[in-house]
Amino acid sequence: MKKIAQFFKVSKEEYLKSGTEEAFNSVILPKRATSGSAGYDFFAPESFSLTPKETIKIATGVRVKIDEGWVLKIYPRSSLGFKYRLRLDNTVGIIDSDYFNADNEGHIFIKITNCGDKPLCIEKGKAFAQGIFIEYGITVDDDCSTTRTGGIGSTDKK
């Protein structure tokens, strides 16, 4: 298996812009549950509950360095989608390889909504989302040379 990425924690200074010191100290880097797992589980740095139709934005404290030509796609954990209709608010999170160098250190945020009809409780340290690395290609006439400077949603602000 080709190794193309590595997870890191964001700096404490960066994390404290959106989270607490206690949550920062509880950040667990994503990992696979089994050797056959495609997805890297993302873990809750603090406990949270979502009533039906409620939304939360989670500061994961995680950043990822990815080789060019690869992307990390973020999804809810399959079981949570099945049992609670848990959804990412952007349907699928796309973490580009150049996001690692963004102004916010490439801090990955995950915004989720409980679209089901029963409350969802996730304890600190439990997996709630998963990320899968996918290789991608570009067109033969692609001439993009712009570099990223900002964080989330910055690539359309030129």
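Student: Which residues does His 107 touch, not counting residues up to four places away in sequence?

Tutor: In this predicted model, His 107 touches Val 10, Glu 14, Tyr 15, Ser 18, Ala 59, Thr 60, Gly 61, Val 62 and Tyr 99. They count as contacts because heavy atoms lie within 4.5 Å.

Student: Why is His 107 called buried?

Tutor: Its relative accessible area is 0%. The word buried applies under 20%, so His 107 is buried.

Student: Where is His 107 in the chain?

Tutor: His 107 sits in the loop between E8 and E9. Glu 105 is also placed in the loop between E8 and strand E9 (109-114).

Student: What makes the phi of Glu 105 worth a remark?

Tutor: Phi of Glu 105 is near 65°, which is positive, and the residue is not glycine. Thr 91 likewise has a phi near 65°, again a positive value in a residue other than glycine. Thr 91 belongs to the loop between strand E7 (86-88) and strand E8 (93-95).

Student: How do you know whether Thr 91 is buried or exposed?

Tutor: The relative accessible area of Thr 91 is 61%. Exposed means over 50%, so Thr 91 is exposed.

Student: Why is Ala 33 called exposed?

Tutor: The relative accessibility of Ala 33 is 61%. The cut-off is over 50%, so Ala 33 counts as exposed. Ala 33 is in the loop between helix H2 (21-25) and strand E2 (40-43). Ala 33 and Ala 127 are 94 residues apart along the chain, and 9.9 Å separates their C-alpha atoms.

Student: Is Ala 23 buried or exposed, and what is the reason?

Tutor: Ala 23 has 1% relative accessibility. That is under 20%, so Ala 23 counts as buried. Ala 23 lies in helix H2.

Student: Which residues are in contact with Ala 23, leaving aside its neighbours within four places in sequence?

Tutor: Ala 23 is in contact with Tyr 15, Pro 45 and Glu 46. Gly 106 is 83 residues from Ala 23 in sequence, and the two are 18 Å apart in space, C-alpha to C-alpha.

Student: What makes Glu 21 and Lys 12 a salt bridge?

Tutor: Their closest N and O atoms are 2.7 Å apart. The rule asks for a side-chain nitrogen of Lys or Arg within 4 Å of a carboxyl oxygen of Asp or Glu, so the pair of Glu 21 and Lys 12 is a salt bridge. Side chains of opposite charge can pair when their charged atoms come close.

Student: Why are Glu 21 and Lys 12 called partly exposed?

Tutor: Glu 21 has 40% relative accessibility, and Lys 12 has 34%.

Student: What is the partner of Glu 14 in a salt bridge?

Tutor: Glu 14 pairs with Lys 17, the closest N and O atoms being 3.1 Å apart. Glu 14 is buried, with a relative accessible area of 8%, whereas Lys 17 counts as exposed at 61% relative accessibility.

Student: How do you know that Arg 77 and Asp 41 meet in a salt bridge?

Tutor: The N to O distance between the side chains of Arg 77 and Asp 41 is 4.0 Å. The limit is within 4 Å, so Arg 77 and Asp 41 meet in a salt bridge. Arg 77 is in the loop between strand E6 (70-76) and helix H3 (78-84) and Asp 41 is in strand E2, so the pair ties together parts that are 36 residues apart in sequence. Arg 77 counts as partly exposed at 31% relative accessibility, while Asp 41 is buried with a relative accessible area of 12%.

Student: How many salt bridges does a search of the whole structure find?

Tutor: The search finds 4 salt bridges. The chain has 23 positive and 21 negative side chains, and the centres of the two sets are 7 Å apart.

Student: How do you know whether the chain agrees with a compact globule?

Tutor: For 158 residues, a compact globule would have a radius of gyration near 15 Å, and the chain has 16 Å, so the two agree. The C-alpha trace spans about 50 × 35 × 30 Å along its principal axes.

Student: What is the secondary structure of the chain?

Tutor: The chain has 3 helices and 11 strands. From the N terminus on, their order is β-α-α-β-β-β-β-β-α-β-β-β-β-β.

Notes
Residues numbered from 1 in each chain as written. Predicted model: local features only at pLDDT ≥ 70, side-chain atom pairs only at ≥ 80, totals over all residues. Heavy atoms only, no water. Helix = DSSP H or I, 4+ residues; strand = E, 2+ residues; numbered from the N terminus. Rg over C-alpha atoms; globule rule 2.2 N^0.38 Å. Lys, Arg positive; Asp, Glu negative; His and termini not counted. Charge placed at Lys NZ, Arg CZ, Asp CG, Glu CD. Buried < 20%, exposed > 50% of the residue type's maximum accessible area, 1.4 Å probe, protein only.
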